[in-house]
Amino acid sequence: MRDVLLLVGAGQIGMAIARRVGFDKKIIIGDKNLINAKKIADIMYNAGFDVNCLKIDLADRTSIKNFIKEAQKYGQIGMLINAAGVSPSQASIETILKVDLYGTAVLLEEVGKVIKPYGTGVTISSQSGHRMEALGSEIDEQLATTDCEDLLSLPVLQVENIRDNLYAYQLAKRCNVKRVMAEAVKWGKKKARINSISPGIIVTPLAIDEFNGKRGAFYKNMFAKAPAGRPGTADEVANVAELLMSEKGSFITGADFLVDGGATAAYFYGDLNK
């Protein structure tokens, strides 16, 4: 039985990462939409990977636990790639918080319970979490350490305190980064590592939805005025993930890597600050 790689979220970024690190693994792709999971599984199978797909609802702890339990039938869990989530243009405030924030927290917790010694994981956050204002050490600690089942009861996460869908998304992504830091301590007891990557505008079907949504002009202006002058690709995110999940990244855990072509730098100190 080979080690199992869990890929949660059947999208371009997750697939790009899995293709870099999953060549000798049993890959289990989980997505709420099994049609999407099957499409990614077929592409990877036809490229020589050993892939199965299962349904998972990231907003439901029972679904997450069942997904992990089924995956364990194939071997020990050695890697996690969490690339699941919804965007501000796709979902309500409540759904963003339930999936991107709560769901990611539960997934990291549950996988951390079963990850094999020296296993690795990466979760995809977003540059959005870096653009919001500082929340203060008390709220940061709450986001990092509050029991998952109490997370959505925090005052900062009440709908009446969230001005719009984008701010909900930023809160979720800030929480992702903080949860990764806290989980890295727990994973470390097994010599396992977990990190996050915060991509900027990466050309994927989700990003194209954003380009065509009400904030499309905002995003196009963002990458045009960033130092890189363009959006990124899933493979450029996978370059970073490959380092983090390999032995070359063995001293990196609990960290977040901003991969945004300099957009956040321009937001604070460049043309996007005008």
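Tyr267 is partly exposed, with a relative accessible area of 31%; here buried means under 20% relative accessible area, exposed over 50% and partly exposed in between, for a 1.4 Å probe and protein chains only. The structure is a predicted model, in which local features need pLDDT of at least 70 and side-chain atom pairs count only at pLDDT 80 or more, whereas totals for chains, interfaces and linings use all residues. Residues are numbered from 1 along each chain as its sequence is written, and side-chain values use heavy atoms, with hydrogens and water left out.

A pair of aromatic rings is described by the distance of the centres and the angle of the planes. Rings of Phe, Tyr and Trp (its six-membered ring) pair if their centres lie within 6.5 Å, and planes under 30 degrees apart count as stacked, over 60 as edge-to-face and the rest as tilted. By this rule the count comes to four aromatic pairs. One of them joins Phe218 and Tyr219, an edge-to-face pair with 5.3 Å centre to centre and 75 degrees between the planes. Phe218 counts as partly exposed, at 36% relative accessibility, whereas Tyr219 counts as buried, at 8%. The pair of Tyr267 and Phe268 is edge-to-face because the ring centres are 5.2 Å apart and the planes stand at 90 degrees. Phe268 is partly exposed, with a relative accessible area of 35%. Ring pairs link Tyr267, Phe268 and Tyr269 into a cluster.

Two packed helices are described by the angle between their axes and the distance between the axes. Helices (H or I, at least four residues) and strands (E, at least two) are DSSP runs, numbered from the N terminus. Axes are lines fitted to C-alpha atoms, for helices over the stretch in contact, and angles run from 0 to 180 degrees between N-to-C directions. Angles under 35 degrees count as roughly parallel, over 145 as roughly antiparallel, 65 to 115 as roughly perpendicular and the rest as oblique. A crossing is left-handed if the near helix is turned anticlockwise from the far one by less than a right angle, and right-handed if clockwise. Contact means heavy atoms within 4.5 Å. For the classes of contact residues, Ala, Val, Leu, Ile, Met, Phe, Trp, Tyr, Cys and Pro count as nonpolar, Asp, Glu, Lys and Arg as charged, and the others, Gly among them, as polar.

Helix H1 (residues 12-21) packs with helix H11 (residues 234-244) at an angle of about 45 degrees, and their axes are 8 Å apart. H1 and H11 are therefore oblique to each other, and their crossing is right-handed. On the H1 side, Gln12, Ile13, Ala16, Ile17, Arg20 and Val21 meet Ala234, Asp235, Val237, Ala238, Asn239, Ala241 and Glu242 of H11. This contact of H1 with H11 has eight nonpolar, two polar and three charged residues.

H1 also packs with helix H2 (residues 34-45), where the axes come within 11 Å and cross at roughly 30 degrees. H1 is thus roughly parallel to H2, and the crossing is right-handed. Gln12, Met15, Ala18 and Arg19 of H1 make the contact with Ile40, Ile43 and Met44 of H2. By class, five nonpolar, one polar and one charged residues form the contact of H1 with H2.

Helix H6 (residues 137-145) and H8 pack at about 70 degrees, with their axes 7 Å apart. H6 is accordingly roughly perpendicular to H8, which H6 passes in a right-handed crossing. Asp140, Gln142, Leu143, Ala144 and Thr145 in H6 meet Arg174, Cys175, Lys178, Arg179 and Ala182 in H8. The contact of H6 with H8 has four nonpolar, two polar and four charged residues.

Most residues other than glycine have a negative phi. Tyr118, although not a glycine, has a positive phi of about 70 degrees. Tyr118 lies in the loop between helix H4 (93-114) and strand S5 (120-124) and is exposed, with a relative accessible area of 64%. The phi of Lys191 is likewise positive, near 65 degrees, in a residue other than glycine. Lys191 belongs to the loop between helix H8 (165-188) and strand S6 (193-199) and counts as exposed, at 53% relative accessibility.
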